[in-house]
Amino acid sequence: GKGELSQLSYKVNLNEALYFGSPILVETGSKLQLHEDVIPLKGRFEVDWKTDVPQDLNHSSVYLDGRNPKYVGGEWYSEGIQFKPKEFGTYMILSDNEEPTIRPRLVNSQNLQFTIADKLSGIKSIECFVNKEWVKMEYEYKNGLISSEKLDNSKPFEGEVDLYVTDNANNKAQYSSKL
């Protein structure tokens, strides 16, 4: 039940991650508390959380609880999820079904610039093509700005522009235009 301590719901393998101490595990409903987040860790550790497996596995993952939940990920299996956090704290499972947003800022023969954002799980990959040819994009994480890096200055961008942005929960957004 909610609020009760559960002794058999997870297994933690700390290996070399700990400087000192051992984890205190408290499970309350849909959250898993791994000690306090004040203990410094040297690396990631493994957690096997036996919990209700959601219907929507593709979009559901473990997040570190907080004002802005932080994506951690995890691999689902029949009895729960295994994940490798790098810090103590309270973890929860959230579902992200919203695709990232793409806003064109400058799309012309010399420059391709977009503002991209993702509300929950964060950006996993960015792929841009002009006439099916891959274009390298620089990602300025702080401002969510991506911009093209022209490798051959003599050749302007022209034709079909296709941009695909995927978040960590496998939601994909697409922007297409013609130059």
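Reader: Let's start with β7 and β8. How many bridges do they pair over?

Author: Three, and the pairing of β7 (residues 75-77) with β8 is antiparallel. Bear in mind that this is a predicted model.

Reader: Which residue is the bridge partner of Tyr-77 in β8?

Author: Gly-80 is the β8 partner of Tyr-77. A hairpin of two residues joins β7 to β8.

Reader: And what about β4 and β8, how many bridges join them?

Author: Four bridges link β4 with β8 (residues 80-83), and those strands run antiparallel. Asp-48 sits opposite Gln-82 of β8 there.

Reader: What follows β4? I'm looking at Thr-51, where is that found?

Author: Thr-51 belongs to the loop between β4 (46-50) and β5 (60-64).

Reader: Is Thr-51 buried or exposed?

Author: Thr-51 has a relative accessible area of 18%, and since buried means under 20%, that makes it buried.

Reader: OK, what does Thr-51 touch?

Author: If you don't count residues up to four places away in sequence, Thr-51 touches Trp-76, Glu-79, Gly-80, Ile-81 and Ile-93.

Reader: Switching to β3. Which of its side chains are buried?

Author: Leu-32 and Leu-34 are, and they point to one face of β3 (residues 31-34).

Reader: How many bridges join β3 to β9?

Author: Four, with β3 and β9 (residues 89-95) running antiparallel. Leu-34 is opposite Gly-89 in β9.

Reader: Now the sheets. What's the strand order in the one with β12 and β16?

Author: That is an open sheet of four strands, ordered β13-β12-β16-β17, with antiparallel pairing. β13 (133-135) and β17 (172-178) are its edges; each has a single partner strand, so one side of each has no neighbour in the sheet. From one strand to the next, the twist averages 25°.

Reader: Over how many bridges do β16 and β17 pair?

Author: Seven, in the antiparallel sense, with β16 covering residues 160-167. One of the pairs is Val-165 with Ala-173 in β17.

Reader: And the sheet with β10 and β14, what's the order there?

Author: β10-β11-β15-β14, again four strands in an open sheet with antiparallel pairing. Its edge strands, β10 (101-107) and β14 (137-140), each pair on one side only. Neighbouring strands are turned against each other by 20° on average, direction ignored.

Reader: What about β14 and β15, how many bridges?

Author: Four bridges, antiparallel, where β15 spans residues 145-148. Glu-140 stands opposite Leu-145 of β15.

Reader: On to packing. Which residues touch the most other members in the largest nonpolar core?

Author: Ile-102, Leu-112, Phe-114, Ile-116, Met-137 and Leu-163, out of 16 residues in that core. β11 (112-117), β12 (123-130), β16 and β17 are the elements giving two or more residues to this core. There is another core apart from it, with 13 residues, including Leu-32, Val-47, Val-62 and Trp-76.

Reader: Take Ile-116, what is it in contact with?

Author: Beyond its neighbours within four places in sequence, Ile-116 contacts Thr-101, Ile-102, Ile-123, Ile-126, Tyr-139, Gly-144, Ile-146 and Val-165.

Reader: And the largest pocket, what's its volume?

Author: About 410 Å³. It has 18 lining residues, and Asp-118, Gly-122, Ile-123, Tyr-139 and Tyr-141 lie nearest its centre. β6 (70-73) and β11 are the elements that give two or more residues to the lining.

Reader: Last topic, backbone. What phi does Asn-131 have?

Author: A positive one of about 50°, although Asn-131 is not a glycine. Most residues other than glycine have a negative phi. Asn-131 is in the loop between β12 and β13, and it is partly exposed at 43% relative accessible area.

Reader: How about Asn-170, what's the phi there?

Author: Asn-170 also isn't a glycine, and its phi is positive, about 65°. Its place is the loop between β16 and β17. Asn-170 is partly exposed, with a relative accessible area of 42%.

Terms used. Residues are numbered from 1 along each chain as its sequence is written. This is a predicted model: local features need pLDDT of at least 70, side-chain atom pairs count only at pLDDT 80 or more; totals for chains, interfaces and linings use all residues. Side-chain values use heavy atoms; hydrogens and water are left out. Two strands pair if DSSP finds at least two bridges between them. Axes are lines fitted to C-alpha atoms, for helices over the stretch in contact, and angles run from 0 to 180 degrees between N-to-C directions. Buried means under 20% relative accessible area, exposed over 50%, partly exposed in between (1.4 Å probe, protein chains only). Contact means heavy atoms within 4.5 Å. A nonpolar core is a set of buried Ala, Val, Leu, Ile, Met, Phe, Trp, Tyr and Cys residues joined through side-chain atoms within 4.5 Å. On a 1 Å grid over the protein atoms alone, a cavity is a set of points where a 1.4 Å probe fits but cannot get out, and a pocket is an open set with protein on both sides within 12 Å along at least five of seven lines; lining residues have an atom within 4 Å of a point. Grid points are joined across faces, edges and corners, and a volume is the space filled by probe spheres set on the points.
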